[in-house]
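Here is a short report on one protein model. Look at the sequence and structure first, then read on.

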Amino acid sequence: MSTSSDPSVSIENDYFWMAKALRLAEKGRYTTSPNPNVGCIIVDSNNQKVGEGYHLQAGSPHAEVHALRQAGDKARGATAYVTLEPCSHFGRTPPCAQALINADIARVVVAMTDPNPKVSGQGIAMLQNAGIEVTSDVMAAQAAALNAGFIKRMVTGKPWVSVKLAISLDGKIALSNGQSQWITGPHARRDVQRYRALSCAVMTGSGTALADDPSLLVRPAQAAFSSYPLDKVRQPVRVVLDRDKTLPDDLQLFTDGFATWRIVSDKHEHSAGDLPFVTNEKRFNLSDVLQTLATKNINRVFVEAGPGLAGELLEAGEVDELIIYQAPKILGNNARSMVKLPDFASLDQVVNLTLHQQSQVGEDLKLVFHVATTRKN
């Protein structure tokens with residue numbers, strides 16, 4: 001692509017390079033937690049890429065630093081395309097806005113403002129005060145989708161919650177005797193592994209933990225990653241709701257050496273790994289649970305549970321995304337339903353969904369719904 005004084009060509013150019021920066025940012029999607037995914041590309045005055053980089057993991061150099069190192073002296077007078085506003089504060093690494101200033105960058109194109117109150121608007125202001133031209137909101141929606149969990153935690157103080165359900169064509173999750181392995185096929189199960197890898201935490205209930213003794217860990221062989229940027233797979237923390245602390249200590253969740261947080265009633269004695277909460281009418285306040293997870297830097301929670309916990313989360317309005325793998329099977333009238341919800345009296349009380357994505361995964365149909373944030377009780 002060539003440079004031009006035509007504003008429409010300039011906008012097209014910005015979108016061209018920002019799209020490439022977003023694809024770079026996506027490379028860190030499994031590893032940056034609790035930090036956001038960020039990509040950066042540096043383009044010289046001849047519209048040639050001279051540097052690129054993406055954030056790999058917390059505590060390592062940010063995307064801008066990688067790109068600037070690659071560009072070297074060619075960064076002077078160049079344009080930097082960054083998928084998230086450059087940070088302006090000292091955290092575990094120095095501020096990236098200052099690094100761009102020191103490199104004598106002439107222009108910075110930003111996809112979206114950082115929702116982190118420590119940064120929000122301040123990075124852009126720092127650049128502008130140094131005489132750098134800043135263009136913002138270029139492919140902002142795409143950048144936000146890449147960091148839905150981080151953004152929600154910063155804005156609301158809660159993580160992004162995805163509930164996964166594997167169901168039959170008639171909306172059942174298991175036969176009446178409890179048999180459910182496997183309703184869906186291997187392609188769907190591989191997809192689930194990748195969701196685990198994307199998530200900071202995998203949540204389940206005590207019933208599922210007792211019945212299935214799951215590990216809820218990422219199985220690299222089953223996930224079959226096309227690429228993974230680290231030698232070792234980052235495992236999510238497991239979160240199990242065990243109100244009365246009745247789960248046996250010899251379950252995989254507690255013996256495999258990986259982190260598990262047990263959510264228990266404050267009425268019971270608790271030990272290392274337990275997170276005690278007040279229970280009301282034998283239920284946790286799920287909003288309190290999620291807020292606490294957010295304080296522990298949990299951006300995304302992937303829920304693999306039975307109909308009870310899935311229904312409680314939906315009823316509480318705490319689900320952002322419902323991921324359904326629907327198999328071409330009919331389990332019958334007495335099979336177990338996908339969620340437990342109250343017997344609604346009118347249609348304005350029901351849980352409303354918006355279809356966000358639909359695709360074929362092997363023999364199964366994958367449906368991703370966004371859940372309405374409010375409903376009438």
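## W182 and its loop

W182 sits in the loop between β7 (172–174) and α7 (186–198). Helices (H or I, at least four residues) and strands (E, at least two) are DSSP runs, numbered from the N terminus. W182 counts as exposed because its relative accessibility is 53%. Buried means under 20% relative accessible area, exposed over 50%, and partly exposed in between (1.4 Å probe, protein chains only). Beyond its neighbours within four places in sequence, W182 is in contact with R189 and K329. Contact means heavy atoms within 4.5 Å.

## Basis of the model

The model is predicted: local features need pLDDT of at least 70, side-chain atom pairs count only at pLDDT 80 or more, and totals for chains, interfaces and linings use all residues. Residues are numbered from 1 along each chain as its sequence is written, and side-chain values use heavy atoms, with hydrogens and water left out.

## A166 in strand β6

A166 lies in strand β6 (residues 160–167). A166 is partly exposed because its relative accessibility is 23%. Leaving aside neighbours within four places in sequence, A166 touches K172, I173, I183, T184 and Y325, which are its contacts.

## The sheet

9 strands form an open sheet with mixed pairing, in the order β11-β10-β9-β8-β14-β6-β15-β18-β17. β11 (274–277) and β17 (353–361) stand at the edges, each with a single partner strand, so one side of each has no neighbour in the sheet. Two strands pair if DSSP finds at least two bridges between them.

Strands β8 (residues 201–205) and β14 (residues 300–303) run parallel, joined by 3 bridges. M203 has V303 as its bridge partner in β14.
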